[in-house]
Amino acid sequence: MSIPTLLILAFGLSMDAFAVSVSNSMCFVGLRRGEAALTSFSFGLFQGLMPVIGYLAGRAFAQAVSAVDHWVAFVLLGFIGGKMVADAVHEIRAPEQCPRQRRFGVRLMLVQAFATSIDALAVGVSFAALEVNIFAAALVIAGITFVCCLVGHLLGKAFGSWLGGKAELLGGVILIGIGGKILLEHLFGS
């Protein structure tokens, strides 16, 4: 996988965590900078660990699926991206309200970090079928997610209601595009 493709993939994966960061900064008015940084770190950590777990699981079955690996990557990325697009369209049409009288805490942060990184687990499975340095890819994904989440917290305070599901929509489109690129490269590449 080329470096530009990895960077774009990492950006696409980070969009759901970015959207949650925007939402947290809008909904939890008392969210302090330290909590925003810790949340961003936990989102990046989970986004970095999940592809490694998916990769290791996928490597166990790599020989069995090597003939269709490009289709596996295409279907997984297409499904993840399609779900992100559908969720974003739903959010844009009917935005969720902020939770009332709910405090932000470590438990909520960990649940959000896990929930936003499930797609990275599936991407890790698709990485097992491709030639990817999983540890470098995981570091890139974690770093980009961390930075995007920090930016999300800052933007959430200023423009949160406008951004809403648009970031997740962009992330979904990116993942679908990368899945298509992998398939086309395999079918028509050298």
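This is a short tour of the structure above, one selection at a time.

A word on conventions before you click: the model is predicted, so local features need pLDDT of at least 70 and side-chain atom pairs count only at pLDDT 80 or more, while totals for chains, interfaces and linings use all residues. Residues are numbered from 1 along each chain as its sequence is written, and side-chain values use heavy atoms, with hydrogens and water left out.

**Whole chain**

Start with the cartoon view. You'll find eight helices and zero strands; helices here are DSSP runs of H or I with at least four residues, strands are E runs of at least two, and both are numbered from the N terminus. Colour by burial next: 45% of the 190 residues are buried, where buried means under 20% relative accessible area, exposed over 50% and partly exposed in between, with a 1.4 Å probe and protein chains only.

**α2 against α6**

Select residues 33–60 for α2 and 118–128 for α6: their axes come within 6 Å and cross at roughly 40°. Axes are lines fitted to C-alpha atoms, for helices over the stretch in contact, and angles run from 0 to 180 degrees between N-to-C directions. The two helices are therefore oblique to each other; under 35 degrees counts as roughly parallel, over 145 as roughly antiparallel, 65 to 115 as roughly perpendicular, and the rest as oblique. The crossing is right-handed, meaning the near helix is turned clockwise from the far one by less than a right angle, with anticlockwise being left-handed.

Now show side chains. On the α2 side, the contact includes Gln47, Met50, Pro51 and Tyr55; on the α6 side, Leu121, Val125 and Phe127 are among the partners. By class, this contact has ten nonpolar, four polar and two charged residues. Nonpolar covers Ala, Val, Leu, Ile, Met, Phe, Trp, Tyr, Cys and Pro, charged covers Asp, Glu, Lys and Arg, and the others, Gly among them, are polar.

Stay on α6 for a moment. Eight of its eleven residues are buried, so α6 is largely enclosed by the rest of the structure. Asp119, Ser126 and Phe127 are among the buried ones.

**Pro51**

Zoom in on Pro51, which is found in helix α2. Is it buried or exposed? Pro51 is buried, at a relative accessible area of 0%. Leaving aside neighbours within four places in sequence, Pro51 is in contact with Phe46, Ala120, Leu121, Gly124, Ile134 and Ile141.

**α7 and the cysteines**

Val151 sits in helix α7, residues 134–163. Its C-alpha is 8.4 Å from that of Val22, 129 residues away along the chain.

Last stop: the sulfurs. The structure holds zero disulfides (pairs of cysteine sulfur atoms within 2.5 Å). The sulfur of Cys149 is 7.0 Å from the closest one, in Cys148, too far for a bond. Cys148 is buried at 11% relative accessible area, and Cys149 is buried at 0%.

Definitions and conventions: Contact = heavy atoms within 4.5 Å.
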